[in-house]
Amino acid sequence: MSKVAIVTDSTAYIPKELREKHSITVVPQVVIWENETFEDDVTMTPDQFYTRLRTAKVMPTTSQASVVNMHKAFSTLLDQGYDVLGIFVSTKLSGTFQSATLGREELKSGQDKVTIIDSETVAMAMGFQVLAAARAALDGASVADCKALAEKSRSHTGVYLTVETLEFLHRQGRIGGAQRFLGTALNLKPILAVEGGRVEPMDRVRTRGKALDRVVEIVAEKCAGKSPVRIATLHADSPDDAKLLLDKITPIVNPIETIFAAVSPAVGANAGPGTVGLAYMAGM
């Protein structure tokens with residue numbers, strides 16, 4: 001049986017120690033800032049990104065992971081004797097899946113050894129799908145079994161977040177059904193989810209503190225009565241609020257795994273600084 005390697009893109013933003021432990025290959029998204037192009041967490045880290053963002057007069061934009069980098073990741077792993085499973089950000093949020101498809105098509109051989117699936121989500125909701133497949137791969141599962149596990153995990157994962165402003169999502173065209181929250185009074189904080197691969201509105205509350213509590217409440221409801229539970233934060237330059245969320249949710253759902261994770265510069269450029277939330281996998 002062939003060994004299996006897992007490839008994902010940087011929007012998952014799985015912490016480095018977990019990527020290394022589970023041999024996960026990450027293809028970077030692209031951040032474009034004025035005349036400069038950066039690769040997510042390769043040539044621009046989150047700290048560098050937010051430091052620059054605080055004083056920037058021109059806002060960054062993003063682009064999907066490149067076909068060249070997808071091809072390179074696939075060909076390198078094939079040369080090492082792996083079958084490859086690629087799990088990528090929702091096709092409704094990014095063209096990354098298309099880049100992966102084109103990268104596979106450009107392989108001179110071994111195209112049949114590269115399987116690609118749409119996670120239908122982002123951040124650590126995708127990260128948990130990737131980790132589930134990677135752990136199975138390390139245990140000797142076939143690429144078909146890893147794919148089936150990742151696809152099954154879609155309905156067991158979710159992500160809920162609050163943003164400081166919807167303008168970043170709106171500007172980047174990632175706002176989805178949350179469009180109807182635009183123009184909301186400034187003191188109302190939106191609660192958003194990624195559902196069906198799109199950013200969707202869930203609720204609006206009056207203060208940042210209430211927004212954080214509401215995220216905890218929703219995730220607790222989603223995880224209620226399910227075991228095991230895994231929880232991860234996501235935050236765009238808001239580590240204190242992310243820690244608060246993790247501290248609040250942990251005694252409620254008793255997770256077997258907690259991950260303190262940020263979001264990549266590409267996600268930060270789309271969601272905006274101050275974005276914070278929780279991702280989960282429950283019941284598998």
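The model is predicted, so local features need pLDDT of at least 70 and side-chain atom pairs count only at pLDDT 80 or more, while totals for chains, interfaces and linings use all residues. Residues are numbered from 1 along each chain as its sequence is written, and side-chain values use heavy atoms, with hydrogens and water left out.

**The sheet and its helices**

- Six strands form an open sheet in the order β10-β9-β8-β13-β11-β12, with mixed pairing; helices (H or I, at least four residues) and strands (E, at least two) are DSSP runs numbered from the N terminus.
- Two strands pair if DSSP finds at least two bridges between them.
- Strands of a sheet pair through backbone hydrogen bonds, either parallel or antiparallel.
- The edges are β10 and β12 (257-259), each of which pairs on one side only.
- From one strand to the next, the twist averages 20°.
- Strand β8 (residues 157-162) runs antiparallel to β13, and six bridges join the two.
- Opposite T157 stands M281 in β13.
- Helix α8 lies across β8, β9 (189-195), β10, β11 and β13, and runs at about 5° to β13; contact means heavy atoms within 4.5 Å.
- Helix α9 lies across β11, β12 and β13, running at about 165° to β11.
- For these angles, axes are lines fitted to C-alpha atoms, for helices over the stretch in contact, and angles run from 0 to 180 degrees between N-to-C directions.

**Salt bridges**

- The whole structure contains 16 salt bridges, each being a side-chain nitrogen of Lys or Arg within 4 Å of a carboxyl oxygen of Asp or Glu.
- Side chains of opposite charge can pair when their charged atoms come close.
- D237 is partly exposed because its relative accessibility is 31%, whereas R54 is exposed at 56%; buried means under 20% relative accessible area, exposed over 50%, and partly exposed in between (1.4 Å probe, protein chains only).
- R198 and E200 meet through their side chains in a salt bridge of 3.0 Å, N to O.
- R198 counts as partly exposed at 34%, while E200 is buried at 18%.
- R214 and D203 also meet in a salt bridge, at 2.9 Å from N to O.
- R214 belongs to helix α8 (residues 208-223) and D203 to strand β10 (residues 198-205), 11 residues apart.
- D203 has 24% relative accessibility and therefore counts as partly exposed.

**Residue T275**

- T275 is located in the loop between α10 (265-271) and β13 (276-282).
- With 3% relative accessibility, T275 counts as buried.
- The side chain of T275 reaches the backbone oxygen of G272 at 2.8 Å.
- A polar atom of the T275 side chain also lies 3.1 Å from the backbone oxygen of A271.
- Leaving out residues up to four places away in sequence, T275 touches L161, T162, V163, L234, H235, A236 and S238.

**Residue Q98**

- Q98 is part of helix α4 (residues 96-105).
- At 43% relative accessibility, Q98 is partly exposed.
- Q98 and R206 are separated by 108 residues in sequence and by 39 Å in space, C-alpha to C-alpha.

Conventions:
Polar contact = N/O pair within 3.5 Å; in protein donor to acceptor, adjacent residues only side chain to side chain.
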